[in-house]
Amino acid sequence: MKHLLSLCCLALIVTAPAAQTPDPLPLLPIPTARQLAWQEQELILFVHFTVNTFTDREWGDGTEDPAIFNPTDFDARQWARVARETGFQTVILTAKHHDGFALWPSRYTDHSVAASPWMDGRGDVVRALAEAVEAQGLRLGLYLSPWDRHEPTYGDTRAYNQFYLSQLRELLTRYGPVHEVWFDGAKGADAKDMVYDFEAFWATVRQLQPQAVLFSDAGPDVRWIGNEHGFAGETNWSTYDRSKVGVGMPGISDYLNTGEEGAPDWVPGECDVSIRPGWFWHPDEQPKTLDELMEIYYKSVGRNCVLLLNVPPDRTGRFAEEDVARLYAFRDALNRIFTRDLALHATASASNVRGGDARFGPARVLDHDTDTYWATDDDQTGGTLTLDLGEPTTFNVIRLQEPIQLGQRVRAYRVEVWQEGAWQPISRGTTIGYKKLDRVPTVTARRVRVVIEDARACPLLAEVGLHLDEVTAD
Ligand code: FUL
């Protein structure tokens, strides 16, 4: 019997699988599931539409007659179809801008679509969009301006906060799932003094729509990037310190633009910018050029942000043809550049592989899966990953991605190509984060290496890609 037992044990030892190398510890803070899902979208469409569309203004003053709101060919299905076909995954609507005009029939005000001639007062822009995005498999986001220039209770802190929360609750309970709620910090110099109860606003969203991310200067989930050009800082940490910022606080643009290394909160940046000079449609304005949109893309998505691009419907209630054409040209350019990854068939090697385990090997950066990654041992704060492309390859865009589910780590890197018997640097950077896109002068090389010079913990790379941009190349 004893003999038999030890035979069994021996069999067990022989067939037991080798213990796996443990995963690296996350470097805190790390994103929540809703922040991760938000970041992976990369592109979100913003829709500014209200009485301003008809008055040719950017900020209505709240005295507008609802009778002027009368789109002649309203079609939220066009917005959603164009959004999906051009690669946007959420559409955020200004349900109420600073003028206080509600695009849905709110029970708490008579200043709404219900008082307009549009659809004989029976229209509901929020519902139309909610249905249209659902039909396209997209997500809905809502903007509800805290600053309200029409509402008579504005200025009475308690009464107005009750009013605002009532409207917020309507929006969060009537229209199905909401994935982002946008709290704009803008407030005119003439605004009455009052304190918005953001804690109550945010708690209400959490209770009614727990999957929604909350946007404001102060997060808590997503932060403003500090300007309306769509440009994030070259250094852009998704970490910052919520206790240092307040909604609408002056003098914090630089902080918002770069985040803060080692800060305690995960609050990634969102870059909001309009395809036109104004946020609302104006008859004499034209959309940005393709080159301008590409620059915005490289400086937003390519700098660890989500791009929130505004496309304002015109007085018909549809996107203008020239804006639609520009969006398709933008999508076409992105497809041409990024669907072809010139590093895909490369052979990867690395200076160090975590536990010598292929699960963390350098080939993981080529599998187009951000759940897998190259990792070093814990005692490393740098490392080199080399790609042999098999043949001389011409590119001018480098794509680097960290697996941010384990935190943001890299603080300095460079990329080099092997030319004339030596490694020549072609790009240097600081942070990487979810995605970093470096445009470089067009270069042809067979061997390329990414040198992580410094990281806050053992470096991890989820993806390395090489692309050729012939649309905006120098
Ligand atoms: C700003 C507002 O004042 C603009 O009108 C626009 O809505 C922009 C997105 O945010 O703060």
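**Reading a ligand site**

Me: Which pocket does the ligand's space correspond to?
Reply: The ligand takes up the space of the largest pocket. A pocket is an open set of points on a 1 Å grid over the protein atoms alone, where a 1.4 Å probe fits and protein lies on both sides within 12 Å along at least five of seven lines; a molecule sits there if more than half of its atoms lie within 2 Å of the grid points. This is a predicted model, with local features needing pLDDT of at least 70 and side-chain atom pairs pLDDT 80 or more, while totals for chains, interfaces and linings use all residues. Residues are numbered from 1 along each chain as its sequence is written, and side-chain values use heavy atoms, without hydrogens and water.

Me: Which residues surround the ligand?
Reply: Counting heavy atoms within 4 Å, the shell is Phe 46, His 48, Trp 59, His 97, His 98, Tyr 143, Asp 184, Ala 186, Glu 228, Asp 272 and Trp 279. Five are nonpolar, three polar and three charged.

Me: How far from ligand oxygen atoms are the polar side-chain atoms of His 48, His 98 and Tyr 143?
Reply: Look for N or O pairs within 3.5 Å. For His 48 the distance is 2.7 Å, for His 98 it is 2.9 Å, and for Tyr 143 it is 3.4 Å.

Me: How much of the ligand does the protein bury?
Reply: By the Shrake-Rupley method with a 1.4 Å probe, the ligand alone exposes 290 Å², and the protein buries 92% of that.

Note on methods:
Polar contact = N/O pair within 3.5 Å; in protein donor to acceptor, adjacent residues only side chain to side chain. 1 Å grid on protein atoms, 1.4 Å probe; cavity = no way out; pocket = protein on both sides within 12 Å on 5 of 7 lines; lining within 4 Å. Nonpolar A, V, L, I, M, F, W, Y, C, P; charged D, E, K, R; others polar.
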